[in-house]
Amino acid sequence: MASQDNVYQPKDAVTAGIKSTLVTGAAGALISSVQNTLTKQNVTAWGIFTRTGGTIAVFAAMGGTYEFTKLASANLREKDDSWNTAIGGFLAGSVLGMRFRTMPAVLGYGAGLAVLLGTFDYTGGVLTGYEKDPNVDEYDRKEQLRKNRRRPIQETINDLGEGRGIYGPGYEERRRERIKQNYGIHVPAKESMLVGRRD
């Protein structure tokens, strides 16, 4: 009997596709406005739709196609893996390739984006490295890393010597003796930190 954890839960591909179309369309409008601003000719504000409006359409079509295809293929296959991302990337890249109106561009951009997004998803989908175990407390994880690379204090003192914030046990007594021996000055022992404290 299969456990409930392995059962695929279908996702709403249409709603996600519409949301993605709106978000990437807004990003395309931003890019189109930058392109309109950088033109050498004096064009009106409507130039983001009339002159460089194709950018908005390509961004919106790519985002909507990618998200819808990724979730629709996951629903059809009943699996949530990197192949869904690659299929969505292929169709989104093909939309970008249609701008050039040649079949090699359609297939090339589709294959390129499919490989790029599929590989990115397969390797974890993050740019910051591997995902940390959510069951391990972050403080305990960092303490373990510190303990793993920590050197004994005596080894550090042997390599670097005392001073500069590195002091071994009995350092104050050795320092007093060294000053008395070399300079003839008696250094009194430090008093408690509580002297002079007002309660």
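Author: One term to start with. A salt bridge here is a side-chain nitrogen of Lys or Arg within 4 Å of a carboxyl oxygen of Asp or Glu. Also, keep in mind that this is a predicted model.

Reader: Okay. How many salt bridges does that rule give?
Author: The count is 4. One of them joins the side chains of Arg-146 and Glu-143, at 3.2 Å from N to O.

Reader: Where do Arg-146 and Glu-143 lie?
Author: Both are in helix α6, which covers residues 138–149. They are 3 residues apart, about one turn of the helix.

Reader: Which residue does Lys-11 pair with?
Author: Asp-80. Their side chains meet in a salt bridge of 3.7 Å, N to O. Lys-11 sits in the segment before α1, and Asp-80 in the loop between α3 and α4, so the pair ties together parts that are 69 residues apart in sequence.

Reader: How accessible are Lys-11 and Asp-80?
Author: Lys-11 is partly exposed, at 34% relative accessible area. Asp-80 is at 60%, so it counts as exposed.

Reader: What about Arg-77? Which residue does it bridge to?
Author: Arg-77 forms a salt bridge with Asp-81. Their closest N and O atoms are 2.8 Å apart. Arg-77 is partly exposed at 31%, and Asp-81 is partly exposed at 24%.

Reader: New topic. How do α1 and α3 pack?
Author: Helix α1 is residues 13–37 and helix α3 is residues 53–77. They pack at an angle of about 155°, with axes 7 Å apart. Angles over 145 degrees count as roughly antiparallel, so that is what α1 is to α3.

Reader: Left-handed or right-handed crossing?
Author: Right-handed, as α1 passes α3.

Reader: Now the surface. Which residues make the nonpolar patch?
Author: Trp-83, Ile-87, Phe-90, Leu-91, Met-103 and Leu-107. The patch is about 590 Å².

Reader: Which helix gives the most to it?
Author: α4 does, with 4 residues. Helices α4 (82–97) and α5 (103–122) each supply at least two.

Reader: Where's Met-103, and is it buried or exposed?
Author: Met-103 lies in helix α5. It has a relative accessible area of 55%. Exposed means over 50%, so Met-103 is exposed.

How values were computed: Residues are numbered from 1 along each chain as its sequence is written. This is a predicted model: local features need pLDDT of at least 70, side-chain atom pairs count only at pLDDT 80 or more; totals for chains, interfaces and linings use all residues. Side-chain values use heavy atoms; hydrogens and water are left out. Patches are made of residues with over 30% relative accessible area and no salt bridge: like charges are joined within 9 Å, nonpolar side chains (Val, Leu, Ile, Met, Phe, Trp, Tyr) within 5 Å. Accessible areas come from the Shrake-Rupley method with a 1.4 Å probe; for residues, only the protein chains shown count as cover. Buried means under 20% relative accessible area, exposed over 50%, partly exposed in between (1.4 Å probe, protein chains only). Axes are lines fitted to C-alpha atoms, for helices over the stretch in contact, and angles run from 0 to 180 degrees between N-to-C directions. Angles under 35 degrees count as roughly parallel, over 145 as roughly antiparallel, 65 to 115 as roughly perpendicular and the rest as oblique. A crossing is left-handed if the near helix is turned anticlockwise from the far one by less than a right angle, and right-handed if clockwise.
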